[in-house]
Structure formats: structure tokens, C-alpha cells
Amino acid sequence: MKTVIPVDDSDVLKATRRFLRSLMEAGVVEALYVPLETEGGAVLPALVTDPAMLERANPLAPVMPINGARAVSALTGKHTPGTLGAVLRPCEIRALVELVKLQQANLEGLTLIGIDCAGTFEVRDFTARRKAGNLDWAGYLSGLKGGMATVDGLPLRAACQMCVTPVAENCAIHLELLGSDLASGIPLTVADELAARLGLSETPRGEGAAALLVVRDSGPGIAEADRARALEPFTQLDPSRGTKGNVGLGLAIVQAIAKAHGGRLELATGASGGLEARIFLHSV
Ligand code: SF4
């Protein structure tokens with residue numbers, strides 16, 4: 001189900017903390033693996049069992065001291081103790097899925113909360129900026145709307161500069177941060193069963209709801225590894241189309257238009273195996 005987390009006074013972090021707290025208070029999770037702000041200026045992941053601790057949660061901070069997949073693997077092993085939630089970035093979820101395939105992690109009883117990611121910075125750079133009080137937090141959050149991080153003078157980590165899949169997948173709860181106007185609410189996709197437990201309902205049109213346009217075809221689809229390239233201008237994945245007046249601009253133009261309206265384009269595989277293009281837009 002798609003809904004929107006309300007944001008008051010443009011405070012996206014406060015709205016995120018409130019939502020995470022609601023997961024614990026509704027009994028969806030008994031413990032939550034999530035990054036916490038420390039008094040020393042760092043942001044480090046921790047296992048939280050007291051909802052009050054979530055006042056220091058900051059999963060939006062553009063820093064990733066460790067890959068959370070290893071930590072969740074250690075927490076779950078073959079059996080998940082109680083009901084565990086984990087707030088993870090897309091690359092952490094992908095790594096966790098690989099560990100599950102190797103039987104080094106267990107998804108049973110685990111609620112994955114995926115957050116889109118506009119990139120992270122080296123720990124030393126992030127911590128120094130935060131201690132000095134000159135981290136351009138507003139700039140970073142507005143960069144999320146444009147689909148990329150912008151913090152003056154700080155380069156992203158090398159891995160993040162090459163990341164082509166910053167949108168979270170394979171999670172029960174998805175905070176759709178990229179391409180969204182977060183000042184008016186955080187778009188959220190949540191499994192129906194969890195939505196019922198949290199008392200969430202589909203956000204009606206005209207109340208900041210995200211509109212989703214889906215176009216599917218019955219062709220061979222586009223492999224996940226090729227999707228980022230398919231969105232680049234003048235890219236033709238099928239050489240046989242080059243003789244028919246196609247120049248490889250269609251998807252790039254759709255993406256540019258979606259971004260210009262504060263939305264985004266995602267490519268996926270449709271139920272029939274063909275290409276599914278999803279255009280997320282937000283009401284104004
Ligand atoms: S940009 Fe990609 S690689 Fe970097 S932290 Fe985010 S999901 Fe991971």
C-alpha cells in the first residue's frame with residue numbers, strides 16, 4: 001500500500017523518528033537496528049529496544065560506518081530472536097540477501113525498512129563537518145529531491161559515486177526519499193498487513209499523495225544490470241532498433257520530465273516478464 005508520512009515544519013528527520021517509534025509502539029518490532037547520533041558527533045548503528053532512544057535515530061545521515069548486512073546477519077543467524085526490524089540502505093539490503101542465500105542470515109521474523117540513498121561520505125569527513133556544525137543538512141535533503149547528494153565540497157565515497165541502484169527494494173517498508181518533495185511528506189510503501197497494524201490508510205489524491213503511472217510491455221524486458229544504462233541519453237540496448245529512426249532518447253526524456261516535476265522514473269520487470277516503467281509524481 002502507498003501512503004505518505006506527514007512532515008511538520010519541513011522536519012523530515014523528526015517525521016522519520018516518529019514513524020520508527022510507531023513501529024515499536026504498535027508491536028511490529030520489539031527491537032530496531034538503526035543508526036543513532038552520538039554525543040561525539042558520530043552516527044553509529046545500534047540495536048534499540050527502548051522507543052525513547054529513537055529520539056537519537058538518524059537513518060538519513062549520509063554516512064555508513066559499517067555495512068549493516070553483517071550486523072543483521074550476526075543478530076539473526078539461523079533464528080531471529082523475537083521480532084527484529086532493521087533500517088537499511090539499498091546496498092545493505094542487497095548484501096543481506098546474498099548472506100541469506102549463503103545461509104548466514106535469516107529473514108524470518110525480520111522486518112526490513114529500506115530507505116532510498118543519495119550517497120554517503122567518508123566517516124572522517126562526515127564527523128568533522130558535523131562536529132564543526134557546518135554540515136549542509138538542508139542541502140543534502142534538497143539533493144535527495146533531485147536524486148543526488150549535494151554537500152558543498154564533500155565528495156561521496158567512491159562506491160557511492162558508482163552506485164546505480166540507490167532505490168531500496170526487497171523490503172516490507174520503503175521510505176521513498178529520492179525524487180520526492182519531502183517537505184510535504186515522505187512517500188511510503190508498506191506491506192498491507194503491516195499497514196493495518198499501524199493504522200495506515202492509502203493516502204487519497206489531493207492530500208500530498210504520490211501518483212504512480214505504470215506502463216508495461218510484453219517484450220523481453222531489461223536486465224537489472226542494464227537499467228541504469230537504459231536511462232542514459234543515446235543508449236540503445238537493442239542494436240536492431242538503431243536502423244528504425246530510434247536514437248535512444250525516450251527513457252532519458254521521460255526521466256528528465258519526471259525529475260523536473262519532483263518525481264522519478266523506475267524500471268522494473270512486469271508480471272508478464274516485460275519491461276515495467278514506473279513514474280512517481282507528487283501532487284502540488
Ligand atoms: S549510494 Fe549506493 S553504495 Fe552508497 S551507501 Fe547508498 S546504496 Fe550504498
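**Note on the predicted model: ligand shell, sheet and loops**

1. The residues around the ligand are Met64, Arg89, Pro90, Cys91, Cys117, Gly119, Thr120, Ala159, Cys160, Cys163 and Pro166; a residue is near a molecule or strand if its C-beta atom, placed from the backbone, lies within 6 Å of it. Two or more residues of this shell come from each of helix H3 (90–101) and helix H6 (158–161). By type the shell has 8 nonpolar, 2 polar and 1 charged residues. Here Ala, Val, Leu, Ile, Met, Phe, Trp, Tyr, Cys and Pro count as nonpolar, Asp, Glu, Lys and Arg as charged, and the others, Gly among them, as polar.

2. This is a predicted model, in which local features need pLDDT of at least 70 and side-chain atom pairs count only at pLDDT 80 or more, while totals for chains, interfaces and linings use all residues. Residues are numbered from 1 along each chain as its sequence is written.

3. The protein has 9 helices and 10 strands; helices (H or I, at least four residues) and strands (E, at least two) are DSSP runs, numbered from the N terminus. Of its 284 residues, 35% count as buried. Buried stands for 20 or more other C-beta atoms within 10 Å of the residue's own, exposed for 12 or fewer, and partly exposed for values in between, with C-beta atoms placed from the backbone.

4. Seven strands form an open sheet with mixed pairing, in the order E1-E7-E6-E5-E4-E2-E3. Strand E1 (2–5) and strand E3 (43–48) are the edges, each pairing on one side only. From one strand to the next the twist averages 25 degrees. Two strands pair if DSSP finds at least two bridges between them. Strand E2 (residues 31–37) and strand E4 (residues 84–88) run parallel and are joined by 3 bridges; Tyr33 has Ala86 of E4 as its bridge partner.

5. Helix H1 (residues 12–25) lies across E1, E2, E4, strand E6 (173–175) and strand E7 (186–190), and runs at about 155 degrees to E2. Axes are lines fitted to C-alpha atoms, for helices over the stretch in contact, and angles run from 0 to 180 degrees between N-to-C directions.

6. H3 has 12 residues, which at 1.5 Å a residue should span 16 Å, and its end C-alpha atoms are 17 Å apart, in agreement. The expected span is 1.5 Å times one less than the number of residues. Pro90, Cys91, Glu92, Ile93 and Leu96 are the buried residues of H3. They pack against helix H2 (68–76), E4 and strand E5 (110–115); contact is defined as C-beta atoms, placed from the backbone, within 7 Å.

7. Leu60 sits in the loop between E3 and H2. Leu60 counts as buried because it has 24 C-beta neighbours inside 10 Å. Leaving aside neighbours within four places in sequence, Leu60 is in contact with Val12, Leu13 and Thr16. Val12 is 48 residues from Leu60 in sequence, yet the C-alpha atoms are 9.0 Å apart.

8. Asp9, in the loop between E1 and H1, has a positive phi near 55 degrees. Gln103, in the loop between H3 and E5, has a positive phi of about 60 degrees although it is not a glycine. Most residues other than glycine have a negative phi. Asp9 counts as exposed, with 8 C-beta neighbours inside 10 Å, and Gln103 is exposed with 9 other C-beta atoms within 10 Å.

Technical notes: Two residues are in contact if their C-beta atoms, placed from the backbone, lie within 7 Å.
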